Amino acid sequence: MGTKCRVCGGQVAEFVDLGNQPTANGFLLPHEVDGEFRFRLAVGACESCTMVQLMEEVPQELRYHAGYRYQASGSAGHRKHFRADAEWFLANELTGGDPFIVEIGCNDGVMLSAIAEAGVRHLGVEPSGNVAELARAKGVQVLSAFFDEETATAVRGAHGAADVIFGANTICHIAHVESLFRGIDALLSEDGIFVFEEPYLGTIIDGMAFDQIYDEHVFYFSAGSVRRMAERFGFELVHAEHIAMHGGEVRYTIARPGARTKSAALDALLAEEEAGKLSEPLTFARFGRNVERIRDDLVGLLTHLRAQGKTVVGYGAPGKSSTVTTYCGITTDLIPFVVDSTPGKQGHLLPGSHLPVKPPSAFSEDYPDYAVLFAWNHAAEIMANEQAFRAAGGKWIRFVPEVEVL
Ligand code: SAM
Ligand code: TMP
Ligand code: ZN
């Protein structure tokens, strides 16, 4: 029967299979290893609307709960980026009398805390209780719920229409797109905007960032597929621009038809996608083959280093590291542990591959010969912080867009 497109009901054609995988943020304690949740992590493209999406999905309650590990404020780069977003909204969109902004998936309040500081009316909708509490501690108003039509209607009833609805690294997580857009329709003011920033299909394909594929990322958006999705649900894509987050994302702006002027940047991006054949079957097939090659190269390099008696550790335990280590079958004999600055991940095991996660001090107290840069999207920040590793003769290993020793 195959998978039906979550946007248009068309047939989804699979192009990459990353095997049996856990939930990427499902960090475990050693006694929890038995019975770890698994599902088949595979991605395909809709033959009708081109939307790239997971073949199988994990129920949202298994992904987002009070033990959700991802904390958006974990990196200085993220804090700076979301403060700039908040300042832009305050200066350009939240200028009328008593404006109101809603964030879908506000996490620990990294963006809304700046809105709260400015005294502007706001609401975060956040189902993961632990991170919602961190946001509340920063003075952010949070509703603990999944955003859908029902939640949005209730928010509209209680607070009125929103001038801005924002989501970052969250909209591509929401499988129930029809209910999402009905909710946007219920909540957004007549000339309001729905803005979201998500991993970009073009960057994933061009940069071979296959580790961006995991259970939480149900969709892999392009300007073309988002434009068709917006139209299908009664909206219009009016702007799209590249932003330098998570290794390369796009910020999309959606409005009611005719409410806003379309930007030249959107036309340029749509044309670029056409010229680059971004959504064509041959592009997807090539991506699938390259993923297998990177796996073979990385396992080959690690096996060679082990044979030479070199020590290797992993740097960073982002969701992405679960995909790559599980897909490549990397075990502790190749990488004995990974280090990560997030306290909630330390002392746990990486989902799937079960590599132990230690604090960064485990790295700096006894430098290995090599470090695999799993948090490669933070390469500049990490390499700047860890200059002494290099000075001591240490080498970094990257694996996207190809395996490389730096
Ligand atoms: N916005 C932050 C950022 O960009 O760093 C956090 C992104 S985090 C990867 C995704 C967040 O979306 C999680 O905190 C999760 O609990 C939340 N989320 C997932 N599904 C949601 C839904 N249907 N409605 C609202 N939030 C949701
Ligand atoms: P992210 O790419 O999903 O934000 O995850 C990055 C992970 O890398 C996160 O778990 C925090 C970790 N990290 C470090 O351990 N050290 C660092 O210097 C940075 C920037 C991130
Ligand atoms: Zn479709």
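1. Let me start at ligand 1, where an oxygen atom is 2.8 Å from an N or O atom in the side chain of S128. A nitrogen atom of ligand 1 also lies 2.8 Å from a polar backbone atom of F147, and a backbone N or O atom of G105 is 3.0 Å from a nitrogen atom of ligand 1. Polar contacts here are pairs of N or O atoms within 3.5 Å. On its own, ligand 1 has 600 Å² of accessible area, and the protein covers 98% of that; such areas come from the Shrake-Rupley method with a 1.4 Å probe.

2. Before going on, please keep in mind that this is a predicted model, in which local features need pLDDT of at least 70 and side-chain atom pairs count only at pLDDT 80 or more, while totals for chains, interfaces and linings use all residues. Residues are numbered from 1 along each chain as its sequence is written, chains are lettered from A and ligands numbered from 1 in the order in which they are written, and side-chain values use heavy atoms, with hydrogens and water left out.

3. Which residues come nearest to ligand 1? They are E126, S128, F147, A168 and N169, out of 20 residues around the ligand; a residue is near if one of its heavy atoms lies within 4 Å. By class, this shell has twelve nonpolar, six polar and two charged residues. Ala, Val, Leu, Ile, Met, Phe, Trp, Tyr, Cys and Pro count as nonpolar, Asp, Glu, Lys and Arg as charged, and the others, Gly among them, as polar.

4. Now to ligand 2, which 16 residues surround, the closest being D340, S341, K345, N377 and H378.

5. The shell around ligand 2 has five nonpolar, seven polar and four charged residues. Its largest share, three residues, comes from helix α13 (residues 379–385). Helices (H or I, at least four residues) and strands (E, at least two) are DSSP runs, numbered from the N terminus.

6. Why is the arrangement tetrahedral?

7. Two backbone details deserve a look. T50, which is not a glycine, has a positive phi of about 70° and is found in the loop between β3 (39–46) and β4 (52–54). V400 and P401 are joined by a cis peptide bond, with omega about 0°, and P401 lies in the loop between β17 (395–398) and β18 (404–405). Most residues other than glycine have a negative phi, and most peptide bonds are trans.

Terms used. A polar contact is a pair of N or O atoms within 3.5 Å; within protein, one must be able to donate a hydrogen and the other to accept it, and residues adjacent in sequence count only if both atoms are side-chain atoms.
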